Amino acid sequence: MVSDGLRCENVRVREVLRGVSLAVAPGEVVALTAPSGEGKSTLLRAIVRLVALDGGVVTLDGVDVTSLDPRVLRRRVGLVAQRPVMLPGSVADNLAYGLQAPPDPRAALEAAGLHERFADRDASELSGGEQARVAIARALTRKPEVLLLDEPTSGLDAPLAEAIGRHVRELAADGLAVCVTSHDRAVVQQWADREQRLGAE
Amino acid sequence: MSEVLIQAGAGIVLAAVAVVLASRLGLGLSKELAIAAARAVIQLTAVGAVIVAIFEVPALAFAFVAVMLVTAAFTAGRRIGGVPRARVYAFGAIAAPALTATGFLLAVGAFDVTPRAAVPTAGILIGGAMAATSLTGRRLIEALDADHAEIEARLCLGDSAREALRPSIRRAIHTGLTPAIDQTRSVGLVTLPGAFVGLLLGGARPAEAASTQLVVLLSLLAVELAAAALLAEFVQRAAIAPGERVHQGSTPWRSK
């Protein structure tokens, strides 16, 4: 049984989003681009209900997300913010945050392209690129169906961005639905199966 | 000249020294110092007169405590100005613990059930609760802004809004309680608090003054903690929006 993935229909939020539609299927990487403005981040935040919708509907596997417990929704749809915040403690603490059973840190770190020796490092002392990958790994420990990445390469150099891109493509190959916002053409070309422009429906 | 006039005169001279000193140092504080000093003179003179009447008519004691509570609520409420019904929250957070503790102390016989004992006790506890709510409230409002990215990160990992706010609330209550804890810890070594000094100057035995001060100080710990925790709970409820979301401190609270 294949999931229906994530769908946004005619989503409106204040003056920022005026009727946006988007579909991301399992196994697919969609790049979300926009000329400028805060629309992309707002859409990702609206999908996980950090921002209330003024209109339209968001569905996950065919179910309106407003009918889901937000805590469950935010585990099934992992949002990695543009400047990820590392929570106090080690990388392993971050990966296990809020989970009943501590996950195997190795698997999550590997999937995000980090060596398992990172598990015991203090998360706040990592470089920006390492933190970006820990943030992805942390979202993956919740076993999401959809991964939303907000400008995941901002502040990273090109080889590192490419490496993260390869891992994201592998995650999609395993059935994850991925939506990535970026203003970087390289990200759009190397990561994405297709591009969707905001404000160009 | 009577002792009262000499005391008042000496105080005014030293206040004038502060005003002149501030002016000489170019601090721009002279006016504020002068106004504060003048207010103290007027307010204490008025209280001195009013308190005589209060000690005679118990009903007036209740009115006086009510005035203290409302004033404290306005002062603390200003610190959390962005929150709707801030003054009502502050009033509840201050009044409930301060009055409960005053009632307890009177009920167990720690103080006489007279206006002369009850009004100052209530006043000290209300003052402590006001300080704790002001500090906790201001710190918490700042934290809702400063910690917003961290709060959203926790929400995104599946926390409820309450769970995501817990670290910020803990830190705010810590801040609010620090003066009370420091004061209790350093008493007798660094500071001689007001009740102790007042009783000694009034001719009480040192042991009596010390035990009175002790019961007040220890009560303040409970009152200030309860006040800070209550205020944090009120602000938290206002900050949480439907759908496990958290308002940002600087954004309008009424927004959806």
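1. Burial in chain A. Of the 201 residues of chain A, 51% count as buried, where buried means under 20% relative accessible area, exposed means over 50% and partly exposed is in between (1.4 Å probe, protein chains only). Keep in mind that this is a predicted model, where local features need pLDDT of at least 70, side-chain atom pairs count only at pLDDT 80 or more, and totals for chains, interfaces and linings use all residues; side-chain values use heavy atoms, with hydrogens and water left out. Residues are numbered from 1 along each chain as its sequence is written, and chains are lettered from A, with ligands numbered from 1, in the order in which they are written.

2. Make-up and size of chain A. You'll find 7 helices and 9 strands here; helices (H or I, at least four residues) and strands (E, at least two) are DSSP runs, numbered from the N terminus. The radius of gyration of chain A is 16 Å, close to the 17 Å that the globule rule gives for 201 residues, so chain A is as compact as a globular protein of that length. That radius is taken over C-alpha atoms, and the rule is 2.2 Å times the number of residues to the power 0.38. Along its principal axes, the C-alpha trace of chain A spans about 45 × 35 × 35 Å.

3. Contacts and surface of chain A. Take the contacts between residues at least 6 apart in sequence: 71% of them join residues at least 24 apart, with contact meaning heavy atoms within 4.5 Å. The accessible surface of chain A comes to about 9200 Å², and 47% of that belongs to carbon and sulfur atoms. These areas come from the Shrake-Rupley method with a 1.4 Å probe; for residues, only the protein chains shown count as cover.

4. Chain B overall. Chain B has 9 helices and 2 strands, and from the N terminus on its elements run α-α-α-α-α-α-α-α-α-β-β. Its C-alpha trace spans about 70 × 55 × 35 Å along the principal axes. Of the 256 residues of chain B, 39% count as buried. Among its contacts between residues at least 6 apart in sequence, 67% join residues at least 24 apart. The accessible surface of chain B is about 14000 Å², with 68% belonging to carbon and sulfur atoms.

5. A helix pair in chain B. Have a look at H4 (residues 86–107) and H5 (residues 115–146) of chain B, which pack at an angle of about 145° with their axes 9 Å apart. The axes are lines fitted to C-alpha atoms, for helices over the stretch in contact, and angles run from 0 to 180 degrees between N-to-C directions. From H4(B), the residues in the contact include B:Ala93, B:Ile94 and B:Leu105, while the H5(B) side includes B:Leu125, B:Ile126 and B:Met130. By class, the contact of H4(B) with H5(B) has 12 nonpolar, 3 polar and no charged residues. For that count, Ala, Val, Leu, Ile, Met, Phe, Trp, Tyr, Cys and Pro are nonpolar, Asp, Glu, Lys and Arg are charged, and the others, Gly among them, are polar.

6. Two alanines in chain A. A:Ala112 lies in the loop between helix H4 (105–111) and helix H5 (128–140) of chain A, and at 3% relative accessibility A:Ala112 counts as buried. Not counting residues up to four places away in sequence, A:Ala112 touches A:Arg133, A:Ile136, A:Ala137 and A:His167. A:Ala101 is in the loop between helix H3 (91–96) and H4 of chain A, but at 55% relative accessibility A:Ala101 counts as exposed.

7. B:Glu150 lies in helix H6 (residues 148–156) of chain B and counts as buried at 16% relative accessibility. Leaving aside neighbours within four places in sequence, B:Glu150 is in contact with A:Val85, A:Leu87, B:Pro167 and B:Arg171. A:Thr59, in strand S4 (residues 55–60) of chain A, is buried too, at 13%. With the sequence neighbours within four places left out again, A:Thr59 is in contact with A:Gly5, A:Leu6, A:Arg7, A:Asp64 and A:Val65.

8. Positive phi values. Most residues other than glycine have a negative phi. A:Asn10 has a phi near 55°; A:Asn10 sits in strand S1 (residues 6–13) of chain A and is partly exposed, with a relative accessible area of 45%. B:Glu244 has a positive phi of about 50°. B:Glu244 is found in the loop between strand S1 (240–241) and strand S2 (245–246) of chain B, and is partly exposed at 23%.
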